[in-house]
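User: Could you take a close look at the charged side chains here, and tell me which of them pair up and how well covered they are?

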Number of protein chains: 2
Amino acid sequence: MKKIAVILSTGDELTTGKVVDTNSAVIAERLYAVGIQVGAVLKVGDEPDRLIWAFERARELGDIIIGTGGLGPTADDLTTETVANFLGRRMVRDEVVAGSLRKRFEARGIPWTENNLKQALFPEGANIIPNPVGTAPGFRVSVAPGKDLIWLSGVPQEMIAMLDGSVMPWISSTQEKATEIYSGTFKIYGLTESKLDSLVKPMALSAQERLSFRAHFPDLTLRLTVTGSDQEKDAFVKHSEEIRRILGRYIYAERDVTMEECVGHLLLEKKYTLALAESCTGGLISRRITQIPGSSAYYLGGAVTYANEAKINFLGVKPTTLEKYGAVSEATALEMSRGIRERTGASIALSVTGIAGPSGGSVEKPVGTVWMIIAQADRHEARLFQFHGDRERIILGASQSALNWLRTTLLI
Amino acid sequence: MKKIAVILSTGDELTTGKVVDTNSAVIAERLYAVGIQVGAVLKVGDEPDRLIWAFERARELGDIIIGTGGLGPTADDLTTETVANFLGRRMVRDEVVAGSLRKRFEARGIPWTENNLKQALFPEGANIIPNPVGTAPGFRVSVAPGKDLIWLSGVPQEMIAMLDGSVMPWISSTQEKATEIYSGTFKIYGLTESKLDSLVKPMALSAQERLSFRAHFPDLTLRLTVTGSDQEKDAFVKHSEEIRRILGRYIYAERDVTMEECVGHLLLEKKYTLALAESCTGGLISRRITQIPGSSAYYLGGAVTYANEAKINFLGVKPTTLEKYGAVSEATALEMSRGIRERTGASIALSVTGIAGPSGGSVEKPVGTVWMIIAQADRHEARLFQFHGDRERIILGASQSALNWLRTTLLI
């Protein structure tokens with residue numbers, strides 16, 4: 001009998017449309033990858049009656065119930081208490097959790113308030129699920145014979161850490177003995193999701209072999225999962241090779257890594273330094289590069305030259321170049337890249353200038369037109385991009401293309 | 001009696017995590033705006049049994065059920081048929097819809113296939129909901145006394161056109177006059193979620209008066225919602241004033257606006273220009289400022305000076321200052337702010353230099369130490385901050401504090 005899962009997402013922000021729920025999609029993808037069918041996703045607000053209704057419906061359909069949200073210390077964080085009421089159990093304080101909460105607050109110099117102890121209360125008999133990146137631990141509790149309820153923090157990064165660190169390993173351990181899971185991640189650049197789908201669709205996969213996707217623009221991840229006995233490993237290797245053959249250069253990494261991490265690794269490996277001159281991306285490329293711990297080893301700095309005067313004063317772009325060709329031009333991009341490279345002494349420099357919109361476009365240079373230059377000591381290369389969508393999508397797309405171009409340049 | 005809605009989203013792509021469902025958030029927001037509470041959101045795959053399960057659960061809880069997906073012409077588009085089975089009704093062809101489908105295909109030169117007629121079949125007695133931007137019309141059908149099921153296309157732009165063009169006007173026409181929703185948003189800076197909770201907890205609220213929180217670090221939102229008759233407006237006004245009294249200066253806005261939008265509005269209003277010199281925040285403040293459409297009207301540009309050489313060459317920080325006081329010091333921050341202001345001519349300049357970690361800290365200057373300066377033509381002010389948490393939290397916290405300090409400075 002194959003297990004069925006039900007995912008619960010809770011919070012008034014979901015039932016009032018203030019926030020788009022991404023947690024349930026992440027959980028669904030992980031479960032799908034290991035061959036567990038998601039029977040339903042339920043979302044309800046922060047109300048005990050509604051939560052109980054959802055627990056009942058989830059238990060009726062699912063063998064594994066995974067929920068998120070409402071574990072915080074505030075009055076509207078009602079989940080744990082409501083689970084205890086639903087099961088007719090009392091709440092007990094876990095002294096280990098209580099102690100580590102206190103220590104955590106002390107270490108950070110945050111004043112301790114007693115309501116934080118709420119996060120150390122769990123339904124009696126629950127197994128605690130550690131939260132390696134936040135204050136609120138989760139828990140797992142049996143809700144009927146063979147049926148378990150697992151509850152995680154609603155903060156996406158905490159939820160993912162708990163899911164991958166504790167929940168998925170536990171789920172694997174409860175799977176039938178013969179079952180092994182082989183899983184491979186392919187990070188994709190330069191394809192839309194539907195194009196990716198149509199490219200891999202012709203692959204002949206058995207019921208134990210699955211392809212799953214995760215799209216969170218500009219990030220696109222393809223995962224191959226093969227479950228079964230030891231012999232299935234051959235099938236996994238064969239299909240991985242098939243994916244490499246079909247997708248070729250669209251695969252930029254075969255592990256769960258971001259584009260900026262790839263660029264960082266390559267810069268470190270080559271002992272190169274980087275400098276950036278950004279206009280339309282407004283500092284996002286710099287932000288993505290510096291989000292990586294240790295980036296100060298290879299990133300020297302950047303200029304965000306939004307106004308023409310900044311391009312002139314910071315980077316030495318000639319006023320005549322701006323007049324003759326405009327701010328969004330190959331000539332301006334070239335002078336920006338030279339300016340930043342000379343002023344920082346970086347081994348590699350990237351410049352970006354374009355029109356993010358919504359205004360500022362013309363027939364000749366529509367919104368989404370972006371020029372980029374990569375300059376090194378002895379050479380430079382120019383590229384013209386045309387991005388589509390709204391302002392945010394153009395900025396995100398341009399930052400991804402810039403990082404990918406840096407990556408491919410560093411690979412040579 | 002207040003009406004409760006249930007939203008259904010269907011499709012295998014939702015239960016396998018391939019796609020994040022945005023339709024349900026759009027529908028929830030529209031319903032919330034007209035005072036209809038969403039009791040639950042249910043998502044199931046394209047399977048008749050699961051659809052029926054969802055119809056049953058939705059009918060049990062909701063007076064209005066709004067569903068999306070599965071109205072297309074292909075074999076796995078099963079919704080309409082399954083609704084008919086669920087209600088024990090036969091399917092009848094609507095000849096007006098059939099005719100307009102044929103015309104639509106002819107007009108576009110798309111070959112007509114008989115399976116397209118599937119989109120002209122509806123459960124007997126259903127009201128057809130026109131689809132102004134796609135082929136598949138939706139329908140509304142009574143599923144129990146006083147309970148209606150409304151089904152729309154799952155393609156977001158079609159769904160929105162049908163929702164705004166037909167569904168919301170119909171819902172408004174069925175509303176009782178007496179029920180009103182009063183809702184106020186308070187954006188919070190400088191409090192943790194638990195501290196905020198302990199401050200507002202003493203407020204005496206009735207069952208019709210609710211406080212809800214949304215925390216997405218560094219963003220923190222408090223919402224007061226009061227439902228009831230016209231007279232409840234007084235209660236809403238009274239509680240709003242109470243919140244203002246309790247939270248005072250921690251409230252930075254009373255509408256759903258980001259800190260960077262507040263700063264942008266103030267810069268526009270004062271006709272000021274802004275420049276930034278960032279070190280540890282790595283370009284994030286610049287990124288946040290430029291995320292706002294129209295920011296080029298007030299944002300001149302910035303420097304991300306990660307390396308000491310960049311601080312010297314870009315901003316004219318003196319090598320002796322760096323040697324004597326270090327990169328993370330009031331003296332360096334001051335020279336950074338002067339450098340950026342002079343080079344851009346901005347009316348207001350902000351500099352940020354600190355230690356984001358994980359490495360680079362010392363006993364004297366632990367990880368999280370951040371100096372900031374705000375410089376204007378005739379004056380400057382320095383502040384020392386101590387942030388806590390991991391690298392990302394320190395960077396996010398520093399960007400929020402920087403923007404808030406700009407905001408309060410601009411208010412004077």
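Analyst: Let's start with one idea: a residue is buried under 20% relative accessible area, exposed over 50%, and partly exposed in between (1.4 Å probe, protein chains only). D76(B) counts as partly exposed because its relative accessibility is 44%. You will find D76(B) in the loop between β3 (64-68) and α4 (79-87) of chain B; helices (H or I, at least four residues) and strands (E, at least two) are DSSP runs numbered from the N terminus.

This model is predicted, so local features need pLDDT of at least 70 and side-chain atom pairs pLDDT 80 or more, while totals for chains, interfaces and linings use all residues. Residues are numbered from 1 along each chain, chains are lettered from A and ligands numbered from 1 as written, and side-chain values use heavy atoms, without hydrogens or water.

Now to the pairs. Over all chains, 35 salt bridges turn up, each a side-chain nitrogen of Lys or Arg within 4 Å of a carboxyl oxygen of Asp or Glu. In helix α3 (residues 48-61) of chain A, E60(A) and R57(A) sit 3 residues apart, about one turn, and their side chains form a salt bridge of 3.6 Å, N to O. E60(A) is partly exposed at 36%, whereas R57(A) is buried at 13%.

In chain B, R57(B) bridges to E56(B), with the closest N and O atoms 4.0 Å apart. Here R57(B) is buried at 14% and E56(B) partly exposed at 33%. A network of salt bridges links E56(A), R57(A), E60(A), E56(B), R57(B) and E60(B).

Elsewhere, K318(A) and E335(A) form a salt bridge, their closest N and O atoms 3.4 Å apart. K318(A) lies in the loop between α11 (308-315) and α12 (319-325) of chain A and E335(A) in helix α13 (residues 330-344), so this pair ties together parts 17 residues apart in sequence. K318(A) is partly exposed at 47%, and E335(A) is buried at 15%.
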